[in-house]
Structures are given as C-alpha cells and as structure tokens.
Amino acid sequence: MKPTFNIAVRAMVEHVLRCGDLRSDFMGSAGALEGIRAHQRVQRGRPADYQAEVAVSLELKRPDYDLKVGGRIDGVFRDNERVMIEEIKTTRAPLQEIEASPDPIHWGQAQCYAHMYAVQENLTQVEVRLTYVHLDNGRVLEMVRNFECGELALFFNDLLERYLLWLQQMWQWVLERDRSIEQLAFPFETYRAGQREMAVEVFRTIRDGAHLLVQAATGIGKTMAALYPAVKALGRQHVPKVVFLTARTTGRLAAEAALQALGQRGMRLKRITLTAKEKICFSAQKSCSPEECPFAKGYFDRINNALGAAFTHDAMTREAIEKVAVAFQVCPFELSLELANWADCVICDYNYAFDPTVSLRRLFGEEAGGHALLVDEAHNLVDRSREMFSARLNKQAFLVLRRNTKKDLPRIYRALGRINSWMAALRKRCMETGGLLIEKNAPDDLIERLRAFAAAAEHWLRLNQPADFREELLQTYFDSLAFIRIAERYSEGYATISEAVAKDVQIKLFCMDTSEPLRNCWRTCRAAVLFSATLAPADYFQAVLGCHPDARKMCLTSPFPPANLAVFLASRISTFYRRRQDSCQALSRAMAEMVMQRQGHYLLFFPSYEYLTMVLDCFRGDCSDVDVIVQTREMSESDREAFLAKFGRQVERTLVGFAVMGGIFGEGIDLKGERLTGAIIVGVGLPAIGTERELIREYYDRTQGLGFEFAYQYPGINRVLQAAGRVIRSETDRGVVLLIDPRYIQRRYHSLLPPWWQLQPAGPPTEFRAQLAEFWGRQ
C-alpha cells in the first residue's frame, strides 16, 4: 500500500518559512481561553453570511505516496462573486510594528488556506484578510490582499515541495525503522515471571486505544515490559510516537537503558531525552534574545540544517544535541524541543505532558496526533498533578517589586498598587477568621488586576531594557500568568485557600480533584499505560487520575521467592498521634530487637520528623553499638548522596538510617544485596492532617463518599508499600520488614497489602528473636 502523508498547514508553513532570531516572546502569553475569546469576538462581529471555523483539506496523488493536507480557516465570507478568506491572530505587540513588518508565516498560512478553498470551490480569484486583535486594548488591524488562484497555486506547490523533501526523508526512515522493529526479538533470553503478561497487555492497550493501570511488583522489569511492546506497536503503525513520562532520574535512566538494550538487538529508533533548560542552556546567565545570546541570533535560519544533522543519530543524547547545537550555533534546548516533534520516542518529565505552564503543545496539544503515553511510577502523578494544576501568590512579592519599580515604571507601579491593595484587604479578612480563609470561588477581582499587571509588564519586557529589577519583574510576571491560567480552569474541584503569615498573605488556587484536567490531557493521546509497584487500590487511581471508565487493570505478583521476604506485624504498639509519646520506648525496643538480631543495614521509616525525633533518643540508648544516620528536613543533594553512600559500603557494623515515609529515601532508591537488610515501618503512612488534606477529604466525602480513603488511607498505604519495596530488589536478596501499628490487622488496611506477602505476627521479644533467627537461619 502507498503511504499517506497527513500534513497540517500550520506545521508545513512554520517548518519551511521560519527565519530570523529566537527571542523571548511576550506577545503570545495569553491563555488559550483569552485567545479563543478574542477570535470569537471578531467572528461574531462579521456579517450574517460569514462562516466561522471552516475545515478545509486537499488530497493529492503521487506515484509513490498520497498526500492529505488539512487545516481550519478562521472565517470565510462570500458576497456574490467576492470570496474572502480570513486568518485571525491575537497579539500584544504594537499593531503599527506588525503592519510595518508583516509575519511571513501568518501570511503563508492564510495563502495556503486560500489556495485550498479555491481548489475546493473552483475559484479563480480570492481575497485574503489577515486580522490582528490586540489583547490589551481590543484594537483590530486588518490587512487585505487579492490573489489570483494561479499565484496561490504556485506559492502552495513550492511550499509543499520544500516540505516534502523533509517528509520523504522521514518516510524513508520510518520504513527502515519498521523493518528493524518487525525483526526485533525480546532482548533477554527469557521473560521474568509476569513480564510477558504485562508486555502482551501493553501492546493490546496501545493497539486498541485504551487505558491500562498496572501494579507490578519490584523485579518484574516494568520498564522493558512497557517499552518493548510500545515499540512493537509503533512499528505496526498503531501510534506515531511513544512518550515515556517519568518523575525521577532513576526512571529516566531505566528507560534509556531499556532502549539501549533494544538497540543492541538491532532496533532502529530515533529517541530523545528532554533535559531541563537550566541544565542544557549554553548561556544560562543571559536572556533568550539575539542581543545577548549568539545561539538565539539567526536561530531559525539554521535550525532546519541542525535538525537534519541531529537526525543522523538514533540515540539523540544530551551530548549529541550539544555537539550539533555548537556546530550550527543554535540553542540546544530549543533544538531538543524541535527534535521531540520528529523523534519516535521521547523520554521526559511529567510536567512536559501535564503542567499547563510548560506542557509541550506540539506533543500534547489538540493536534498532537495521538501518541502512546507510558507513565512510569504513576502513583507519583496524584500529588504532582495537584501541584501542577494549582497556583499560589504572595503579597510580599508584589510589594517589594512595587517599591523597586516606583521611579522607573509608573504604569507597572500603579498596577502593582492595585494588586497590593487587594491583597491587603484579603489579609484583613484572613485575620478576622483566625488567619485562614477558605472559599469555593475564584478571586475574579484579583484576576482582572493581575491581567492589567501582566499587560503592563509585557509592554516593558518586550523592550529588552536592562534593569536591576528585570529578573524580579520577569518572575512575578510568570507567576501571575500561571495564576491566571489556573483560574481559567477553576471549577467545583477547586478551593481558594488564603492564609495570613506575619505581615504577608498567601492565596492559593488549590486543585482538590485533578481528574478532569488530567482527563483533558489523556484525550490528546491514543493510549495510556500507567504502571508502578504501588497502584492499590486500582479503582482509586483510576478515579483520581481521570482514566477511562473502562480502563484495564492488572496486578502482577513479585517474581522473587516469597520465602526471601519475612514480613512481621507488631500490632500491640499503638502509633496513634495521641499515644506517640507513650509509645517511644516500646517502639525503640522492638526496633532494637530486629536490628540487633543480624548485622546489616536497616532503614526505619516514620510518619513525621517529629515522631522520628521522639524515638531517636530512646533508640540510641537501646542500641549504642550501631551507627545511626538521620534524614533531616534541609538535606542538600550532596547530603542525600552521602546518606545513601553509607548503605553502599560493605557490612562491617550495623547501620540504621532514620527516614520519613513518602520522602526522598522512601522510594526511587535501589539498595540491592547486602546494601539493605531490612526496613521498619512505623504507622500506616497517613499524610499529616492539614488544610489541604481536609479539603480533599471533604470533597471526596461529598462526591464519592470516600473522603478519608482518598485523602488519607490510600495515599498512606502506598507510602508503606513503597518503603517496604526498598528491601527486596533482586532474586537473590533476602530481607525483613516490620510493620508497627494495630491498624494493620483491620480488614480495611490488611486487604490493601500485597497478597504475596507472608504476613506473620511479631511475638513478644523472646519469641520475635526466635522468629528472626529462624528466618535468617534458612538457606
């Protein structure tokens, strides 16, 4: 069968006609809703026989392939013999600047639409109107040109032929890629237990365009079980791209290693890992402007050649991208984003897909093309998405910026004054309610004041003038835009939390229910596979993550011998908040019994730093012959590495690490073999009671009748399972887990524990020592 190239007019025009410099663009900062409203205002003001949002397409037959070019015209007006095609753009740039220097991409897009409509309607002449709407003052600029259809055809065909040079190169690559994938065998001699079952279901899910939630125990090889079938589905043309989303460096490294293993077995696949801008930027201390950065000057003149050079690599690593960027003098971060549009597989952080402030519209927008999303460690997406779909502002930031701009920027100074006055009134209302104010509606008055500030800030920022306060203004501008964008999403799943702290006040738009915004994200992809060692219960994750109502679910047991893990339950020691002071001594003794039974490395997980500190002194008294290290709140990256490095040493003396559940050592660390002998988990992992948790509880009580479960119990048990999962990391590991809390014997908690755990009660001290000795005595 001949291939069919589906070509979006906008993508074709931008690829061929882009030229000039890369610069920070403050004209396009309007939220999507603001731009849509401006379009609609123009369309509503047109005559009655004006047609808005007209879909247009053109099918072209070639000997070796077919073409389908498509797009959507903003407006078509027909009056007797006159036909007018309108393209509408929104801007914050001065209209006189646009009129003096028309954008070739905007005109190119309008001319392509005009040609396609002329062919469709058999016209000989078309009038094209390019309309700009200024978002701040509502003023409109209309530029009109008349075209003979022969002239439009020449322009369109030239553009198409130039674009096809690149597309044909891409198609030849796809043929080569798919041939290699067709012959690609699983990269290891055998599948691990459960791995093949997961791989088969992942392939079926992508083929069928469905959602799949997989709870797969540590050791199954989840990353390969997700990527191998996804690559196979790509080779069968079920999806145009595979996107691997991860929250941690360990997930990224695992994905890269899996793809490298497949490459060593003959797979050809263009793959890229997106690196954060601050890490890959060559000019981190300079702005993204041609005046300051040589990699921004003339960027669009050189990007297509750089793109071709980068595509000679299958693994487009950070090093490869930087080398190409230097050779062609282009920004490495922007080059990586461009490469992501054409790569077969993209590895990136969650925020590139879900965060409304930084998500990549070309990959995850409405025109993305239906990719397959593989969401690694998907249990992390619950809290991450709440943060991504929430926004906060502090009064103090506006007050300080106002003082700094008073002399030089009177318009911005006045706009900040209106915001500061509103925030001062908010602080007063907070103080009247004890310092905390909860509301169930968006602060519309504040939003309007923020819009005015953003408009004034953009006007000055576009001038690219140096100033001591520029970075401060830029950050406040971005924070304000983020707040405005979240406010546009405000619904019953949100709450407004305002809190007075000393002389400051903070206002937060808090997203209690992320299911709807996530559901909108899922709609842009064809299929989604969410996997983790802890996705229990699956119905909870399906609900809070907005998955399809008919999402498929899998639960795969540990591939390791159950006898290698001893799980003990100390149900006689209460860890309830009101009993914590009284429980310290009993806790310390139980911990001492376990760590003194066998020399090794142990991690002790607590529900809070306060509880950890209470038990620490008792434990040091009970176990003076062991080394103790403690996780602290202010740990730097080097402090964390030093903490973990102690677990990498050979066991010569018992080492005990005190840590907090749900923290940096509770998941995402791989301590194989003797690096970790056992873990003690104090409590059932419930998050601390607080304003946000209580709002979540009230919301899900009202909507699901499961407020405590959704806010506390289910997140807590996943912390427990993650902490316990640090112990057995390979088929030869042996270790012990001690759960301390009477609630584990209750059905509501016991039923959430892995069925392959051979849970046994921890007896009194003498009996517990015997139980441990019996386990360690097995060969």
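A disulfide is taken here as a pair of cysteine sulfur atoms within 2.5 Å. By that rule, the count for this structure is zero disulfides. The model is a predicted one, so local features need pLDDT of at least 70 and side-chain atom pairs count only at pLDDT 80 or more, while totals for chains, interfaces and linings use all residues. Residues are numbered from 1 along each chain as its sequence is written, and side-chain values use heavy atoms, with hydrogens and water left out.

C618 is in no disulfide either, with the nearest cysteine sulfur, that of C584, 5.3 Å away. As for exposure, buried means under 20% relative accessible area, exposed means over 50%, and partly exposed is in between (1.4 Å probe, protein chains only). C293 has a relative accessible area of 10% and is therefore buried, whereas C618, at 22%, counts as partly exposed.

Next come the cores. A nonpolar core is a set of buried Ala, Val, Leu, Ile, Met, Phe, Trp, Tyr and Cys residues joined through side-chain atoms within 4.5 Å. In soluble globular proteins, nonpolar side chains tend to be buried together. The largest core here has 193 residues, and the members that touch the most others are I7, L245, F354, W522, I681 and L739. Helix α5 (residues 149-182) supplies the largest share of this core, ten residues. Helices (H or I, at least four residues) and strands (E, at least two) are DSSP runs, numbered from the N terminus. A second, separate core holds 39 residues, including L227, Y228, L262 and A527. Contact means heavy atoms within 4.5 Å. Leaving aside residues up to four places away in sequence, L739 touches V567, F568, L569, A570, I681, V720, Y744, L753, W757 and L759.

Some of the strands make up an open sheet. Two strands pair if DSSP finds at least two bridges between them. Strands of a sheet pair through backbone hydrogen bonds, either parallel or antiparallel. In this sheet seven strands line up in the order β21-β22-β20-β23-β24-β19-β25, and the pairing is parallel. At the edges are β21 (627-630) and β25 (759-761), each of which pairs on one side only. From one strand to the next, the twist averages 20 degrees. Axes are lines fitted to C-alpha atoms, for helices over the stretch in contact, and angles run from 0 to 180 degrees between N-to-C directions. Strand β19 (residues 565-570) is joined to β25 by three bridges, the two running parallel, and V567 stands opposite L759 in β25. Helix α22 (residues 580-597) packs on the sheet, where it touches β20 (601-606), β22 (655-660), β23 (678-682) and β24 (735-740). The direction of α22 makes about 170 degrees with that of β23.

Strand β1 (residues 4-8) pairs with β3 (residues 66-79) in the parallel sense over five bridges, with I7 opposite V69 in β3. Strand β2 (residues 50-61) pairs with β3 in the antiparallel sense over eleven bridges; here the bridge partner of E59 is K68 in β3. A hairpin through four residues joins β2 to β3. On to β4 (residues 82-91): this strand and β3 are antiparallel, with five bridges, and R78 has V83 in β4 as its bridge partner. The hairpin of β3 and β4 has two residues between the strands, and N80 there takes a positive phi near 55 degrees.

Finally, the rings. Rings of Phe, Tyr and Trp (its six-membered ring) pair if their centres lie within 6.5 Å; planes under 30 degrees apart count as stacked, over 60 as edge-to-face and the rest as tilted. The structure holds 29 aromatic pairs. One of them, W166 with W342, is edge-to-face at 5.4 Å centre to centre, with 90 degrees between the planes. W166 lies in helix α5 and W342 in helix α12 (residues 332-342), so this pair ties together parts 176 residues apart in sequence. Both W166 and W342 are buried. Y540 and F710 also form an edge-to-face pair, at 5.0 Å centre to centre and 80 degrees between the planes. Y540 is buried at 3% relative accessibility, and F710 is buried with a relative accessible area of 3%. Ring pairs link Y540, F541, Y699, Y700, F710 and Y714 into a cluster.
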